[in-house]
Amino acid sequence: MILDSAQCAQFKQDGYLILRQMVSSKSCADMLAQSQAQLQAQLQATPDIGPVEYETDLAYPGAPASFEAAGGHTVRRLRQAYARADCWRDWATDPALASVLQQLLDEPVILSLAHHNCVMTKHPNYGTATGWHRDIRYWSFARNDLISVWLALGEEHAANGGLRVLPGSQRWAIAPEQLDALDFLRPDVAQNQPLFQQGVALDLAAGDVVLFHSGLFHAAGQNTSTQVKHSLVFAYRGASNPPRAGSKSAMAGEVKLNPKLSS
Ligand SMILES: O=C(O)CCC(=O)C(=O)O
């Protein structure tokens, strides 16, 4: 798979690119079944089958107040996806994906196991909305120039907590007072209101892939459907953009990708 010049220009301009139906329905169904099975095993919880993040851990507005509260064990993320299922690992290192990322980063590509590396499981009950943020906020690399790869394993839209993006926001200069203590765009600041109006909701089908720049502001709502939404998400850097020594970004290992050779 090779991006055309319009797609490359679009990524540069908007900070994101959607590749419709990049993953086959069979592969998606396998990846979704894996996620559903691991979630089910986690709910039955003896012993833990892998690391997870709970809504309670994240404590976004509306999250259960404690593990004892109703919904206290709602899983937000199945972590360390790379290590916990062959099909997820195969996708994370897919040579066609590597080729696309190499085109956008213009250099060899490395998968970071420190960030994302998870299935996001947004639940109808107790699944919280995420405010406008940039993925780079907690990451520590030489440059703010990574790409998050979001694979929809089912339909995603505004009603089930689908992604929204602020196109071009990877190039915006944002003043510290526009952000809260966790680096979310503050909803109460007048200067942010025209920014929020530029939000675009992404409608995705299973197999659609969103590539987005680590500086792109994005957000997502609550899941008002009856089904858990599953999205597999990994983060990639270019070879010349290493994690800062001693940072969390440098602690979890990396995988060098092999792009598909064009014939
Ligand atoms: O699904 C969501 O609520 C958005 C998650 C997200 O953007 C993130 O964790 O970086």
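1. Strand E5 (118-122) and strand E11 (218-220) each supply at least two residues of the shell around the ligand; strands here are DSSP runs of E with at least two residues, helices are runs of H or I with at least four, and both are numbered from the N terminus. This is a predicted model, in which local features need pLDDT of at least 70 and side-chain atom pairs count only at pLDDT 80 or more, while totals for chains, interfaces and linings use all residues. Residues are numbered from 1 along each chain as its sequence is written.

2. The residues surrounding the ligand are Met 120, Lys 122, Thr 130, Asp 135, Gly 161, His 218 and Ala 220, where a residue is near a molecule if its C-beta atom, placed from the backbone, lies within 6 Å of it. By class, the shell holds two nonpolar, three polar and two charged residues; Ala, Val, Leu, Ile, Met, Phe, Trp, Tyr, Cys and Pro count as nonpolar, Asp, Glu, Lys and Arg as charged, and the others, Gly among them, as polar.

3. Strand E11 also belongs to an open sheet of four strands, ordered E6-E11-E8-E9 with antiparallel pairing, two strands being paired if DSSP finds at least two bridges between them. Strand E6 (130-133) and strand E9 (200-201) are the edge strands, each of which pairs on one side only. Strand E8 (residues 163-165) is joined to E9 by two bridges, and Arg 164 stands opposite Ala 201 in E9.

4. Strand E5 pairs with E3 in the antiparallel sense over three bridges, with Arg 79 opposite Cys 118 in E5. E3 also pairs with strand E2 (residues 52-54), again antiparallel and over three bridges, and there Glu 53 faces Arg 77 in E3 as its opposite residue. Of the five residues of strand E3 (residues 75-79), four are buried, that is, 20 or more other C-beta atoms lie within 10 Å of their own, with C-beta atoms placed from the backbone.

5. The chain as a whole has seven helices and 13 strands. Its radius of gyration, taken over C-alpha atoms, is 18 Å, close to the 18 Å that the globule rule gives for 263 residues, so the chain is as compact as a globular protein of that length; the rule is 2.2 Å times the number of residues to the power 0.38. Of the 263 residues, 40% count as buried.

How values were computed. A residue is buried if 20 or more other C-beta atoms lie within 10 Å of its own, exposed if 12 or fewer, and partly exposed in between; C-beta atoms are placed from the backbone.
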